[in-house]
Amino acid sequence: MKTEFLKKVAEKKAVIGVIGLGYVGLPLNLCFVEKGFRSIGFDIDESKIKSLEAGTSYIKHISLERIARANHSKLFSVTSDFTRLQECDAILIAVPTPLNKNREPEMEYIVSTCEAISPHLRKGQLVVLESTTYPGTTVEVVIPILEKSGLKVDKDFYAAFSPEREDPNNPQFTTETIPKVVGATSNDGLEIVNAVYSQIVVHTVPVSSTQIAEAAKLMENIFRSVNIALVNELKVTFMKMGIDIWEVIEAAKTKPFGFMPFYPGPGLGGHCIPIDPFYLSWKAREFGVNSRFIELAGEINTSMPDFVVQRAMEVLNELGKPLKGSKILLLGLAYKANVDDYRESPSFVLMEKLESHGAVVDYNDPYIPMIKTTREHSHFAGRTSAEITSTYDLVLISTAHDVYKDINFERLGIPVLDTRNLLKHPSPLFHKA
Ligand SMILES: NC(=O)c1ccc[n+]([C@@H]2O[C@H](COP(=O)([O-])OP(=O)(O)OC[C@H]3O[C@@H](n4cnc5c(N)ncnc54)[C@H](O)[C@@H]3O)[C@@H](O)[C@H]2O)c1
């Protein structure tokens with residue numbers, strides 16, 4: 001079974017299936033196509049299937065040319081028909097892993113995907129989970145569902161975990177240039193999953209189990225969450241002392257060893273850092289462990305929007321204006337610069353908090369002309385990006401999109417509250433938060 005699989009991979013005859021055509025799954029699919037593999041994308045969202053078939057892109061940084069090339073190659077197809085999983089030799093799962101309303105892991109997407117694979121699983125296939133999740137998921141959740149097919153792992157099929165490290169729109173790193181950790185439940189499984197990913201990434205990092213691979217991904221994201229919390233706390237502390245955190249970071253990062261810069265902001269956003277750490281703290285409780293660092297970092301990071309709202313009140317107060325009734329333009333809805341992804345964006349929390357104080361809030365974001373329904377903030381759906389004009393009482397910079405760097409904010413003649421250190425020169429109108 002192994003030899004035949006490896007031969008197919010080496011000859012580029014293996015067919016790759018990717019389930020979940022989102023920020024992770026779509027580029028993964030395209031990478032295999034670009035390396036000469038037939039690759040089938042699966043999604044339950046028909047609008048994504050239609051869009052790709054029509055040659056249009058629903059992710060800003062994935063170009064139309066790239067999709068057109070894939071379509072033209074005849075190696076790429078997309079479908080919502082899961083019977084076609086039988087055509088695949090490797091099935092890679094990249095579905096969402098959010099938190100539920102009690103802030104516990106929402107495993108529904110992984111479970112329903114595995115249930116959709118199970119009836120079509122055939123001998124010799126490899127199934128890889130890429131979605132970020134707690135250690136133990138592959139063995140405790142994925143494999144038992146797949147084995148309902150009657151097939152046995154490492155006897156009839158292989159199972160593996162390989163975490164995604166995508167950093168959307170980072171010009172320095174693409175899917176191909178980021179090393180990929182791979183873990184499986186047997187040596188044969190490891191050899192196979194390693195062979196598959198070696199076809200598309202600079203190098204793979206084989207580890208001894210799926211649990212190590214799952215834990216490595218969480219460690220990477222917890223490291224970021226904790227360090228961002230630390231720098232957010234230092235910002236608040238230094239600000240009270242009249243010290244500019246941004247200048248402190250620039251100075252500290254000249255140390256050539258033992259320091260890595262992290263930057264403060266209005267709160268955490270995106271599909272990973274605000275969510276993934278709580279997959280571990282939830283699992284840790286099963287072992288009687290209270291993950292205090294994770295909880296504390298979460299607490300500090302989620303308190304940042306309150307700090308920003310407080311600063312907005314102070315700035316308006318200096319002008320003799322109450323927050324209630326003031327018109328505020330929030331610049332940037334995306335969770336990070338130059339992307340169109342607004343999942344878990346702290347900008348939503350800022351809008352909610354400012355509006356709860358009676359402020360009248362508009363947003364501007366060149367990448368998000370209109371807010372679509374989101375899991376957490378559906379009441380904002382339908383709002384559209386407003387023009388940047390001097391009719392507002394305050395401009396609040398929440399995301400450092402490059403396009404904002406060219407705006408002459410002083411000419412607007414209204415105060416600007418900057419949470420991203422976008423405004424480099426001092427002005428009586430410029431304030432930091
Ligand atoms: N976005 C990132 O930068 C990033 C980085 C690293 C890791 N991850 C992880 O990768 C995973 C996927 O994230 P994403 O950002 O690509 O999510 P996404 O929401 O952009 O895409 C997920 C896709 O899965 C589809 N889907 C949902 N349920 C399905 C099902 N049962 N069958 C088939 N398709 C289904 C959705 O329609 C959607 O198109 C998550 O676990 C996330 O934590 C994301």
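**Figure 1. Left-handed crossing of helices α8 and α11 in the predicted model.** In this predicted model, helix α8 passes helix α11 in a left-handed crossing. Helix α8 spans residues 210–240 and helix α11 spans residues 292–318; their axes come within 9 Å and cross at roughly 40°. The two helices are therefore oblique to each other.

**Figure 2. Residues in the contact of α8 with α11.** The α8 side of the contact is made by Ile222, Ser225, Val226, Ile228, Ala229, Asn232, Glu233, Lys235, Val236 and Met239. From α11, the contributing residues are Phe293, Ile294, Ala297, Ile300, Asn301, Met304, Phe307 and Arg311. By class, the residues of this contact of α8 with α11 comprise twelve nonpolar, three polar and three charged.

**Figure 3. Packing of helix α10 with α11.** The axes of helix α10 (residues 277–286) and α11 come within 9 Å, and they cross at roughly 140°. This angle makes α10 oblique to α11. The crossing of the pair is left-handed. In the contact, Pro277, Phe278, Leu280, Ser281 and Arg285 belong to α10, while Ile294, Glu295 and Gly298 belong to α11. Four nonpolar, two polar and two charged residues make up the contact of α10 with α11. Ile294 of α11 takes part here and also in the contact with α8.

**Figure 4. Packing of helix α12 with α11.** Helix α12, residues 346–356, packs with α11 at an angle of about 50°, and the axes of the two helices are 10 Å apart. The angle makes α11 oblique to α12. The crossing of α11 and α12 is right-handed, whereas that of α10 and α11 is left-handed. On α11, the residues involved are Pro305, Asp306, Val308, Val309 and Ala312. Their partners in α12 are Val349, Leu350, Lys353 and Leu354. The contact of α11 with α12 contains seven nonpolar and two charged residues, with no polar residue.

**Figure 5. Surroundings of the ligand.** The ligand is surrounded by 27 residues, of which the closest are Val24, Asp43, Lys48, Thr97 and Thr132. For threonine 97, a polar side-chain atom lies 2.5 Å from a ligand oxygen atom.

Key:
Residues numbered from 1 in each chain as written. Predicted model: local features only at pLDDT ≥ 70, side-chain atom pairs only at ≥ 80, totals over all residues. Heavy atoms only, no water. Axes fitted to C-alpha atoms, helices over the stretch in contact; angles between N-to-C directions. Helix = DSSP H or I, 4+ residues; strand = E, 2+ residues; numbered from the N terminus. Parallel < 35°, antiparallel > 145°, perpendicular 65-115°, else oblique. Left-handed = near helix turned anticlockwise from the far one by under 90°. Contact = heavy atoms within 4.5 Å. Nonpolar A, V, L, I, M, F, W, Y, C, P; charged D, E, K, R; others polar. Near = heavy atom within 4 Å. Polar contact = N/O pair within 3.5 Å; in protein donor to acceptor, adjacent residues only side chain to side chain.
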